[in-house]
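Reader: I am new to this structure. Please show me how to read it.

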Amino acid sequence: MARKKKKPESVLKIIPIGGLNEIGKNMTLLEYEDEIMIIDCGMSFPDDDMLGIDVVIPDFSYLMANREKIKGLVITHGHEDHIGAIPYFLRDFDVPVYGTRLTMGLVRSKLEEHGITGDLETINAGECFKIGSFFEVEAIRTTHSIADSICIAIRTPQGVVFHSGDFKIDYTPVDGDPINLGKLAEIGQQGVRLMLCDSTNATRPGFTKSERSVGETLGSIFSTAKNRIIIATFSSNVHRVQKIIENACACGRKVAVSGRSMEKVVGIASELGYLDIPKGTLINIKKAKSVPDDQLVIITTGSQGEPMSALSRIAYGEHKDVKIKPGDMVILSSTPVPGNEKSVSTVVNKLFEDGADVIYSDIAEIHVSGHACQEELKLLHTLIKPDYFMPVHGEYRHLMSHAKLAEALGEDRDNIFVLGNGDILNLTSTEAYCERDMVPSDAILVDGLGVGDVGNIVLRDRKNLSRSGLVIVCFAVAKEGYVVSGPEIVSRGFVYVKEHEDLIEAFKEVSLSAVEKAFDDGLTDWASLKARVRDELSRYINETTMRNPIILPIFLEV
């Protein structure tokens, strides 16, 4: 009798499509047979060379091709790099979204702005819930720079997958709810097949300081301030906002809030009970002028020097309700995100010019990170004791530093997987192995209402326009093949026409000559005429000015 053929073992696939080799845009898929669960759905801000781009989101192509498999989306916390792409995701997918109360409050507000509804399921730390048939998720309290953050343990047919989310180990958090180390140790004792862990601070030795230390520093600064205090911080750092309010109350000061995102988060956090604001403390920013300077604190956005933020508008005198006065104390309660150093420096210099006393990270300890440094990462590895490890959330240097740290702790190098977006880590009952570049993971650019319609070619044109400008050459031509009028030259971002009339006249002569030669050669189609003008004028401009503007010939038939 023939032996029955053994069914091939199903593989658990871990697929990052954002958050690796970059900061932001976090999104990871777990796929088993015909089911997919998603962890986080974040955005990132555009690089300096992404001209005109608002935000960058993950590539949903793989999910679109497998939309019937998607069973749910779990959000670890409410930062933009973990929730920012949810409105774009829910335009195309009708799946439940799971998160804690504050996280869901922020998501709900974001969906309302986009005019979108969604199936939002509120969960609590310590709760277990099912996603599909194969994924049982346990939410575990953790500490980060935003309240209500969780890490998750996912029980799958191929064992437990632990995802740290963004975290640090704060033994004295502002809200009094520390990370649940006991539960993490319990999960580690039960056995974890794979750990995915935050790597943002993997290059930094030691421990991350507690948020309470910032409150103490701010307390000493507030107690010595004689004039108005303006303090900029991340709007999502509810604990930081709480300490600012507490210190303001201790000094007998009123608090006003400026900046759209700060107003939104303070409103949501207050409504949900994550901020304790004594009655009469919070005033409208429009009424701040009626409060004596030594009795006022203004909390604002713009700690990263963002050009359109409230702090930047204040610094440049463009804010309608707040103007800098000599003697104002301005506090930037943050450290510049890599790449933002110049923007922050520019705003700081302008504030000094305005007569403000500016306190920033170089002067006092007014900010602590929300991410675990090396000693905290070591503690988590020791508690979880995973069979396999995959560093996530960070640039390549962060991922590699985290991998080396795990190896130094005794984890087998062959069991440590440094992946990139679009790779797949396959997990079976006996092994784990990686497949490279298997899933689309391009950065999808959002420009206004357009999602993904701006690609490399458009960005290249925008860069060229920003570097050398645009020259438009307009002709009116007869159907018989001769020039009726023109050319007219329009310059944008190249030269000021009225101050370079000789140069513009030369452009006209070169363009007209190119068109007449084309007609002499029997060329009358638009494409050939445009090519001739573009080639001849481009050559002339480069020879005479050493510039390379975009040249746009336009022909009108009369």
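Author: Begin with contacts, meaning heavy atoms within 4.5 Å. Residues 24 or more positions apart account for 70% of the chain's contacts with a separation of 6 or more. This is a predicted model, where local features need pLDDT of at least 70, side-chain atom pairs count only at pLDDT 80 or more, and totals for chains, interfaces and linings use all residues. Residues are numbered from 1 along each chain as its sequence is written, and side-chain values use heavy atoms, with hydrogens and water left out.

Reader: How many helices and strands does the chain have?

Author: Helices (H or I, at least four residues) and strands (E, at least two) are DSSP runs, numbered from the N terminus. The chain has 15 helices and 26 strands.

Reader: What is the order of the open sheet of eight strands?

Author: Two strands pair if DSSP finds at least two bridges between them. Here the order is 7-6-5-3-2-1-20-21, with mixed pairing. Strand 7 (120–122) and strand 21 (432–435) stand at the edges. Each has a single partner strand, so one side of each lacks a neighbour in the sheet.

Reader: How do strand 1 and strand 2 run, parallel or antiparallel?

Author: Strand 1 (residues 12–18) and strand 2 (residues 27–32) run antiparallel, joined by six bridges. I15 stands opposite L29 in strand 2.

Reader: What percentage of the residues is buried?

Author: Buried means under 20% relative accessible area, with a 1.4 Å probe and protein chains only. Of the 558 residues in the chain, 53% are buried.

Terms used
Buried < 20%, exposed > 50% of the residue type's maximum accessible area, 1.4 Å probe, protein only.
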